Amino acid sequence: MDTSKERIKNNSDIDDEYLCPICFHLLWKPVECQNCQRLFCKICIDKCLKEKPNVCPLCQHYQEKRCSPVFYALLCKFKIECENKQNGCKDILLYESLEKHQQEQCQYQMKICRGCQKNILKKDLEQHEQNCGEIKIECKRCNLVYKQKEKHEQLDCLMNMLDRSNKKTESLEKLVENLQQSVQKLEAAMDLHLLTGLSLSVVHDVSLSSLISAWNTIYDFPYSHKTTVEELRALRSQCKKHIIVGAIQGSSSMILKIAAIGPSEILSLDSSLNQPTKFGNVHWYLTQSKSFGFAPSSTTINCQSADNGEKDNSENRLSWHLDGQGGYRAGAVKGLNSNDEWRKIIMTEKHY
Ligand SMILES: [Zn+2]
Ligand SMILES: [Zn+2]
Ligand SMILES: [Zn+2]
Ligand SMILES: [Zn+2]
Ligand SMILES: [Zn+2]
């Protein structure tokens, strides 16, 4: 703290004991050396002790003691000019008010303009910054940052906003494109999920409308139709990876009363009698001159010609004659050899 003698009012009668032996200014927040009983500004003695610890500049044996309240009260009587006197401050402050005045209240302290970085008196700063051309301003509408001295025309502002919204539109369009791709992937994944979901086991009452977007019907004949091995083999050229085999009751019905899904190679099976092949949780068989069909893998097939398994999983069996008769069963409904109401259905994926 610069409290040089010249700044102290009525400085002619200042006794040396009020001055710091290091900086020769009026003691500022002093502490005492207990050994020699001299006072120093706290800042001054700390600087010395940093270089030579425990060495008093006067008596060599420094031992710190706080300044006596009586002496401090005497210091408080001094009146001191503000350090900003040369800038125009005429204030004379009591010892205790000096620091706060100079650091916070004095209107004549120097501040740096946020624009031109020049030193400006605190009292003039607000007005200066209002007019300083270097001050940066951000337009609230178009977010352009420009210097106060530069003009921000309405047309420029509009063009900026247009640019910004164009950029936004572009990024939104990109986002939409990405989303569309994701949706396509998801749809593909869902189709697959549908496949695996169905392949778990024999299912009932599946709506064709839920399949129609991803599946084509490649075989649709009444149960009275006499299915042959050749017919089934010929379907393979139209098949993608999987087939759904099922039965619908009624010419206009859209519900697969019973169905199962499996790989297309099912149509190429050449099963020995009652020796099915397991795909997922389903047993499949295509036995020449006998029958084609499926049953849950937990059960056995019981074909004379077609599967007439009765007790176990009756409702989960499908079996079509391949021996010149139509029919035979769709779940528990049997004896459909000449039935025109029930339909034999085979489907395959549109894609993959
Ligand atoms: Zn000092
Ligand atoms: Zn000392
Ligand atoms: Zn001042
Ligand atoms: Zn400025
Ligand atoms: Zn603007």
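Two residues are said to be in contact when they have heavy atoms within 4.5 Å of each other. The structure is a predicted model, in which local features need pLDDT of at least 70 and side-chain atom pairs count only at pLDDT 80 or more, while totals for chains, interfaces and linings use all residues. Residues are numbered from 1 along each chain as its sequence is written, and side-chain values use heavy atoms, with hydrogens and water left out.

With a relative accessible area of 15%, His283 is buried (under 20%, where exposed is over 50% and partly exposed lies in between, using a 1.4 Å probe and protein chains only). Beyond its neighbours within four places in sequence, His283 is in contact with residues including Pro276, Gly293, Phe294 and Ile301. A polar atom of the His283 side chain lies 3.3 Å from the backbone oxygen of Thr299.

Attention now turns to the nonpolar cores. Such a core is a set of buried Ala, Val, Leu, Ile, Met, Phe, Trp, Tyr and Cys residues joined through side-chain atoms within 4.5 Å. The largest has 29 residues, of which Val245, Trp284, Phe292, Phe294 and Ile346 touch the most other members. Among the elements that each supply at least two residues of this core are helix 6 (229-235), strand 15 and strand 16 (291-296). Apart from it lies another core, of 23 residues, among them Leu27, Trp28, Leu75 and Phe78.

Definitions and conventions
Chains lettered and ligands numbered in written order. Polar contact = N/O pair within 3.5 Å; in protein donor to acceptor, adjacent residues only side chain to side chain. Helix = DSSP H or I, 4+ residues; strand = E, 2+ residues; numbered from the N terminus.
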